[in-house]
Amino acid sequence: LPAAGLRLLRSLDLVTPDRSGCHRRITGNASCWGSDELLLTDSINDPDGPGWRLDRHHFDRELRQSALDAGATIHPTQILKANRSNLVWTISTRDGQEHQARWLIDATGRQSFIARALGLTHKRDSRLVALYALGKKSTDAHFERTAVEAVQQGWWYAAILPSGTPIAGLHLRPETAIGVERDQEAWQKAWLGTKHVRHLFPSLC
């Protein structure tokens, strides 16, 4: 969560990661992009302070509870149809009910069920996919920055999760990702080909 996101949470009187106690502070970035040099940025220069690596399950639970406390209701069912008229959405559900709302958010993930049913299409900004790997959890993992390194195939993202588990992701084009996903040696070769992230996160080697 970028540091600026805390402003939004505070404006809605929601629990912020710095008060929750189970998230991990991000003190800045370490990036190697366009040169071999590793450049460091520090959150002390950000007026909003540090960003936060979220324990996503905990964060989502808190948001859900805040919504319920504010009067929202949870209605487990399947949407069959959604129509909009005079700025109001009418949603028909499998249990025979109809619901009306001024706003409708499609949170059905990659399937985009509602958007597709309404005839909307995706717009792709960049044809990249990400392959991720987890390292060994450690209580001594103190690296609090996000590491990014560009390589010939694409770019790497690496960080320490709130649990203390390191994670690394290689972002690359789908046609290249297929070969790397199927070949453990190709993944290892790509990881060992980095100049910085493999040294910052040795337990991922």
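Predicted model: local features only at pLDDT ≥ 70, side-chain atom pairs only at ≥ 80, totals over all residues.
**Pocket**

I sorted the lining of the largest pocket by residue type and got 13 nonpolar, eight polar and one charged. For that tally, Ala, Val, Leu, Ile, Met, Phe, Trp, Tyr, Cys and Pro count as nonpolar, Asp, Glu, Lys and Arg as charged, and the others, Gly among them, as polar.

Numbering runs from 1 along each chain as its sequence is written, and side-chain values use heavy atoms, with hydrogens and water left out.

I looked up the volume of the largest pocket, and about 860 Å³ came back. Of its 22 lining residues, T73, I74, H75, I79 and I105 are closest to the centre. Two or more lining residues come from each of α3 (56-69), β6 (88-93), β7 (98-101) and α4 (113-117). (A pocket is an open set of points on a 1 Å grid over the protein atoms alone where a 1.4 Å probe fits, with protein on both sides within 12 Å along at least five of seven lines; lining residues have an atom within 4 Å of a point. Grid points join across faces, edges and corners, and the volume is the space filled by probe spheres set on them. Helices are DSSP runs of H or I, at least four residues, and strands runs of E, at least two, numbered from the N terminus.)

**Hairpin**

I found β2 (28-32) pairing antiparallel with β3 (residues 39-42) over four bridges; pairing takes at least two DSSP bridges. S31 sits opposite L39 in β3. Six residues separate the two strands of this hairpin, and G34 in the turn has a positive phi of about 85 degrees.

**Two loop residues**

T27 lies in the loop between β1 (24-26) and β2. I have T27 down as buried because its relative accessibility is 16% (buried is under 20%, exposed over 50%, partly exposed in between; 1.4 Å probe, protein chains only). Beyond four places in sequence, T27 touches T41, D42, S43, E144 and R145, contact being heavy atoms within 4.5 Å.

G49 is in the loop between β3 and β4 (51-53). G49 is also buried, because its figure is 17%. Leaving out neighbours within four places, G49 contacts A3 and S43. Its C-alpha is 10 Å from that of D18, 31 residues apart along the chain.
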